[in-house]
Amino acid sequence: MLIVHVHVHVKPEHVEAFRQATIENASHSVQEPGIARFDVMQQDDDPTRFVLTEVYRDAAAPAQHRTTGHYQAWAEKVAGMMAEPRSRVIYSNVFPADPDW
């Protein structure tokens, strides 16, 4: 398992549009065979900040995800909504065991 936390800071005027575009992308992403989870979270005390938690079944799955039409449409749609470039942190799974996802 490969877990990626993507940190996103959105321009205030684009928060709702970003939310909707990201929910649309996530709803398709969870249908990909290489994705175990795709969570979208919004910070309580600063609604312009989001974290996407992407849980991939193997190391090849993130690259496959980036080739999908829904990801490419999302990336194009939200590119101008960012207040700063998004960042990511990659984690390895500890618990639960990979087969239990």
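Two strands count as paired if DSSP finds at least two bridges between them, and helices (H or I, at least four residues) and strands (E, at least two) are DSSP runs, numbered from the N terminus. The model shown here is predicted, so local features need pLDDT of at least 70 and side-chain atom pairs count only at pLDDT 80 or more, while totals for chains, interfaces and linings use all residues. Residues are numbered from 1 along each chain as its sequence is written, and side-chain values use heavy atoms, with hydrogens and water left out.

View 1. Let's start with V4, which stands opposite E54 in β3. L2 has Y56 as its bridge partner in β3, and L2 also stands opposite S92 in β4. Eight antiparallel bridges join β1 (residues 2-9) to β3 (residues 49-56). With β4 (residues 87-92), β1 pairs in the antiparallel sense over six bridges. Six of the eight residues of β1 are buried (buried means under 20% relative accessible area, exposed over 50%, partly exposed in between, with a 1.4 Å probe and protein chains only).

View 2. Strands of a sheet pair through backbone hydrogen bonds, either parallel or antiparallel. Here four strands form an open sheet in the order β2-β3-β1-β4, with antiparallel pairing. Look for the edge strands, β2 (35-42) and β4, each of which pairs on one side only. On average, neighbouring strands of this sheet are turned by 15° against each other, direction ignored. Helix α1 packs on the sheet and touches β1, β2 and β3, and its direction makes about 165° with that of β2 (axes are lines fitted to C-alpha atoms, for helices over the stretch in contact, and angles run from 0 to 180 degrees between N-to-C directions).

**View 3. T22 and its contacts.** T22 sits in helix α1 (residues 15-29). This residue is buried, because its relative accessible area is 0%. Leaving aside residues up to four places away in sequence, T22 touches V40, L52 and W74 (contact means heavy atoms within 4.5 Å).

**View 4. The lining of the largest pocket.** On a 1 Å grid over the protein atoms alone, a pocket is an open set of points where a 1.4 Å probe fits, with protein on both sides within 12 Å along at least five of seven lines; lining residues have an atom within 4 Å of a point. The largest pocket is lined by 15 residues, and V6, E54, Y71, R86 and R88 lie nearest its centre. β1, β3, α2 (61-66), α3 (69-78) and β4 each supply at least two residues of this lining.
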